[in-house]
Amino acid sequence: MKTKIAIIGGGSASLMLATRLDETKYEITIYEKNKALGRKFLVAGDGGLNLTHSEPLEEFYKRYTPTSFIEPILRTFSNTDFRAWLVSIGVPTFIGTSKRVFPEKGIKPIEVLNAIIKVLKHKNVKLVTDYNWHGEEMNSDITIFALGGSSWKVTGSDGSWTDFFKGKGIEIVPFQASNCVFKVDWPESFTAIAAGLPLKNISITALDATKKGEAVITEFGIEGGAIYALSKQIRQQLNEGKQAVCYIDLKPTLSIEDLITALKSKPSNSSMSKYLESTIHLSKAQLALLKNQTTQEDFFNNEILTKKIKALPLHITGLGPIDEAISTTGGIALNEIDNNFQFKKWPAHYAIGEMLDWDAPTGGYLLQACFSMGYKLAEHLNTL
């Protein structure tokens, strides 16, 4: 008789797990609260399904927190392995200019999901949808939880499961938004000019980390890839009960000496604003931000202005709404599970995916980790 496995939750980690489990050994059932599998997977595909990133593994795993948790998982199933597996199920990929990995042009997110579901059907995996788990013990020999974090509640991951696990004596780290908009108390006069404008080709530093890229000014604050990647450092400062301070380099390709030389060359009859736009090539958003963060006196002091262009302080006062965040950090404390995701206090029960307390930036890292966890757990269970 086959061993029964119940997988609660039908997201990315669950899908990979079910495709890799040995169907000759296990009777596998996925229980999903929505009407169909992979809801968050599809939402993540809006505007392009960024499956993973192409950077070398030795750099790849360093993007995660904690690195020590994620590294062995990625070494079991790397970004290169993931791309090869996708090809094997009929989903070729390509590397974009940002080094991010996407399905070949013309392949829609739903087609990627359907290719995975086709594998599940071939393996006779049972799918039970519209199933809302409320803490009941499953009719299975092994139960695997993949209930998601607490962002994008519309997709089904609402974090409502935490009280049940707390009741079993399992430590839960409070959820916090990650890869989210960050609150900046802009004056209305500034947002009237700058809200919605992009800050391109900048770098942002928070504590010991610096990220190059882009961001967007919003009425609430600031968001975008360059600031998302600093979520950990920003949260650390906010959790210490103070504002988080970041420093924006508006012209990372120019040195302080380059800027000083350029500013000294400004004709006396030339407007400083127009000169910064035409010669230093500051965008409308960059110039507006610079003016907002600089007194009129300092704006006409070349030495101070240069320092501001290279390290413009940005004071962040809070995180955006958790439900609007791309991902969350927090969840099941990692000391509650062993190296194969099994609860130390609850044998034959496992947890994978965004339920666990880890963090990663956008760029394909989130999906990669979820798929890798599913793969690693399947490899373990297939050896039992």
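In the predicted model, Thr67 lies in helix H4, which spans residues 67-76. Thr67 counts as partly exposed, because its relative accessibility is 28%, a value that falls between the 20% limit for buried and the 50% limit for exposed residues. When neighbours within four places in sequence are set aside, the contacts of Thr67 are with Tyr61 and Lys62. In sequence, Thr67 and Asp359 are separated by 292 residues, whereas their C-alpha atoms are 9.4 Å apart in space.

Helix packing was examined next. Two packed helices are described by the distance between their axes and by the angle between those axes. Helix H1, formed by residues 12-20, packs with helix H16, formed by residues 365-382; their axes come within 7 Å and cross at roughly 35 degrees. This crossing of H1 and H16 is right-handed. On the H1 side the contact is made by Ser12, Ala13, Met16, Leu17 and Arg20. On the H16 side the contact is made by Leu367, Cys370, Phe371, Gly374, Tyr375, Leu377, Ala378, Glu379, Leu381 and Asn382. By residue class, the contact of H1 with H16 divides into ten nonpolar, three polar and two charged residues.

H1 also packs with helix H6, which comprises residues 109-122, at an angle of about 35 degrees and with the axes 9 Å apart. The crossing of H1 and H6 is left-handed, whereas that of H1 and H16 is right-handed. Leu15, Ala18 and Thr19 of H1 meet Leu113, Ile116, Val119 and Leu120 of H6. The residues of this contact of H1 with H6 are six nonpolar and one polar, with no charged residue.

H6 itself has 14 residues, and the distance from its first C-alpha to its last is 20 Å, close to the 20 Å expected at 1.5 Å a residue. The buried residues in H6 include Leu113, Ile116 and Leu120, each of which also takes part in the contact with H1. Val112, Ala115 and Ile117 of H6 are buried as well. Just after H6, Asn124 has a positive phi of about 60 degrees.

A positive phi is also found after helix H10, where Gly241 has a value near 85 degrees. H10 consists of residues 231-239, and its buried residues are Ser231, Gln233, Ile234, Arg235, Gln237 and Leu238.

Among the strands, S16 (residues 327-332) is largely enclosed by the rest of the structure, because six of its six residues are buried. S16 pairs with strand S8 (residues 172-178) in the antiparallel sense over five bridges. Within this pairing, Ile172 has Ile332 of S16 as its bridge partner.

Three further strands make up an open sheet in the order S3-S5-S4, with antiparallel pairing. Strand S3 (52-53) and strand S4 (93-95) are the edge strands, each pairing on one side only. The antiparallel pairing of S3 with strand S5, residues 100-103, runs over two bridges. The bridge partner of Thr52 in S5 is Val101.

Terms used. Residues are numbered from 1 along each chain as its sequence is written. This is a predicted model: local features need pLDDT of at least 70, side-chain atom pairs count only at pLDDT 80 or more; totals for chains, interfaces and linings use all residues. Side-chain values use heavy atoms; hydrogens and water are left out. Axes are lines fitted to C-alpha atoms, for helices over the stretch in contact, and angles run from 0 to 180 degrees between N-to-C directions. Helices (H or I, at least four residues) and strands (E, at least two) are DSSP runs, numbered from the N terminus. A crossing is left-handed if the near helix is turned anticlockwise from the far one by less than a right angle, and right-handed if clockwise. Contact means heavy atoms within 4.5 Å. Ala, Val, Leu, Ile, Met, Phe, Trp, Tyr, Cys and Pro count as nonpolar, Asp, Glu, Lys and Arg as charged, and the others, Gly among them, as polar. Buried means under 20% relative accessible area, exposed over 50%, partly exposed in between (1.4 Å probe, protein chains only). Two strands pair if DSSP finds at least two bridges between them. The expected span of a helix is 1.5 Å times one less than its number of residues.
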